[in-house]
Amino acid sequence: MPVNKYIKRDRFFKVALSLIYKNGFKATTMRAIASELNFEVANVYNYISSKNELLETFLFGIQDEFHEALDHILDSSYDAPKKINMVINSYIQITSKRPYEQALLVNEWRNLKVPRRQEFVDRRQDYENKIKMIFEEGVKQGNFADMDTEIAVATILASIRWIYAKYIDGENKINPIELEKQLTQFILNGILSN
């Protein structure tokens, strides 16, 4: 594929992501994407076969990246507090590079069609279960307070799921390293044992 086609493909995906974020998946049509790109609608199908495939490509692509990062963290020899720190860091780093796709994870996954929706939910649950393992390891080691695992993990994830908005908002340029420092302090202060 010549370089020009790569540039057009990249632009197609960026415009599609932006429109889905702005208007929602259901309200974004292939015709609207084509119009934004000054394409004929038929040209959109050179890049993707359907709107559903577009959503699947975005959601499973970024979900794979989050899983890969988490698996590397789990396989490391770090203690549980450092692993939680690394989970936060990986989440911020991935989101800072792909905020529109992260927004889809939070807002648009329900639009996946069965059976892909169930596959997505199962994989999300697997991700959360891996974080629960890290938390439970920290409780056993005496690093984390003995608290309800479900509440702890839900709080950790709720504390980081919103950050995509800070990277989409063009007015706020947030340093990912500073964001990691602040969120890690906030989260770890809530779960570390005294």
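Predicted model: local features only at pLDDT ≥ 70, side-chain atom pairs only at ≥ 80, totals over all residues.
**Notebook: rings and a pocket**

I started with the aromatics and found that F12, F13, F39, Y47 and F58 make up one aromatic cluster.

Next I looked up the ring pairs, and the structure holds 11 of them. I wrote down two. F12 and F13 pair edge-to-face, with 5.1 Å centre to centre and 70 degrees between the planes. Both of these residues, F12 and F13, are buried. F39 and Y47 are stacked instead, at 6.0 Å centre to centre, with 15 degrees between their planes.

Is Y47 buried or exposed? I checked: its relative accessible area is 16%, and buried means under 20%, so Y47 counts as buried.

Then I went looking for charges over rings. I noted K51 over the face of F25, 4.5 Å from the ring centre. I also have K82 over the face of Y78, at 5.8 Å from the ring centre.

I get about 220 Å³ for the volume of the largest pocket. Which elements give two or more residues to its lining? I find α4 (51–74), α6 (99–107) and α7 (116–140).

I listed the lining residues of the largest pocket too: Q63, F66, H67, Y91, Q102, L105, V106, W109, F120, R124, Y127 and R161. Sorting that lining by type, I get 7 nonpolar, 3 polar and 2 charged residues.

Key
Residues numbered from 1 in each chain as written. Heavy atoms only, no water. 1 Å grid on protein atoms, 1.4 Å probe; cavity = no way out; pocket = protein on both sides within 12 Å on 5 of 7 lines; lining within 4 Å. Points joined across faces, edges and corners; volume = space filled by probe spheres on them. Helix = DSSP H or I, 4+ residues; strand = E, 2+ residues; numbered from the N terminus. Nonpolar A, V, L, I, M, F, W, Y, C, P; charged D, E, K, R; others polar. Phe/Tyr/Trp six-rings, centres within 6.5 Å; stacked < 30°, edge-to-face > 60°. Buried < 20%, exposed > 50% of the residue type's maximum accessible area, 1.4 Å probe, protein only. Lys NZ or Arg CZ within 6 Å of the ring centre and 35° of its normal.
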